[in-house]
Amino acid sequence: MKIQINISKEFDAKYLRAKCGVRYWEDAIVNGVEDTEDGDNIPCKEGDYWCPLIDIDAGQILNWEKGKTASIHYKVCDDGTYFLLDAEKNEIKEINGYVPDVMCPAGKGYGDYVIMEIDENGFIQNWEPNLDAFTTQD
């Protein structure tokens with residue numbers, strides 16, 4: 001007889017890596033100027049995706065271009081993948097789809113938007129590392 005048993009395990013999550021399919025790059029203000037429709041000015045852009053690597057405890061985007069500030073209000077909807085990583089950047093858990101609340105500390109994202117204010121050192125303002133979206137059962 002086959003049975004399924006869900007086992008709870010504790011992990012030390014250090015980083016959050018996001019891969020956000022941005023619909024409108026110009027929904028970001030970078031250094032006080034609206035970004036281009038191709039997202040030419042925003043740090044962490046990889047092809048058609050915005051891919052910040054966030055230190056969870058510090059609330060700092062580690063791959064941020066120092067000296068740039070940004071006000072982001074990206075519509076992502078369900079074109080996002082979010083990875084919890086340990087200190088060695090090994091994947092702990094991946095979730096796909098709607099934007100988790102942790103990615104919108106500057107407003108209500110309703111699962112559709114990444115909303116954040118980022119300073120010149122890559123620190124996300126009002127960062128609260130709420131990882132509830134990663135702890136629910138699949």
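## Lys 14 and Asp 55

Lys 14 has a relative accessible area of 25% and is partly exposed. Here buried means under 20% relative accessible area, exposed over 50%, and partly exposed in between, computed with a 1.4 Å probe on protein chains only. The side chain of Lys 14 meets that of Asp 55 in a salt bridge, 3.1 Å from N to O. The two residues belong to distant parts of the chain, 41 residues apart: Lys 14 is in the segment before β1 (15–21), and Asp 55 is in strand β6 (residues 53–55). Asp 55 counts as buried, at 10% relative accessibility.

## Basis of the model

This is a predicted model, in which local features need pLDDT of at least 70 and side-chain atom pairs count only at pLDDT 80 or more, while totals for chains, interfaces and linings use all residues. Residues are numbered from 1 along each chain as its sequence is written, and side-chain values use heavy atoms, without hydrogens and water.

A salt bridge is a side-chain nitrogen of Lys or Arg within 4 Å of a carboxyl oxygen of Asp or Glu. By this rule there are three salt bridges. Strands (E, at least two residues) and helices (H or I, at least four) are DSSP runs, numbered from the N terminus.

## Arg 17 and Glu 46

Arg 17 and Glu 46 form a salt bridge through their side chains, with 3.1 Å from N to O. Arg 17 lies in strand β1 and Glu 46 in strand β4 (residues 45–46), so this pair ties together parts 29 residues apart in sequence. Arg 17 is partly exposed at 23% relative accessible area, and Glu 46 is partly exposed at 40%.

## Lys 68 and Glu 65

In the salt bridge between Lys 68 and Glu 65, the closest N and O atoms are 3.6 Å apart. Lys 68 counts as buried at 16% relative accessibility, whereas Glu 65 is partly exposed at 42%.
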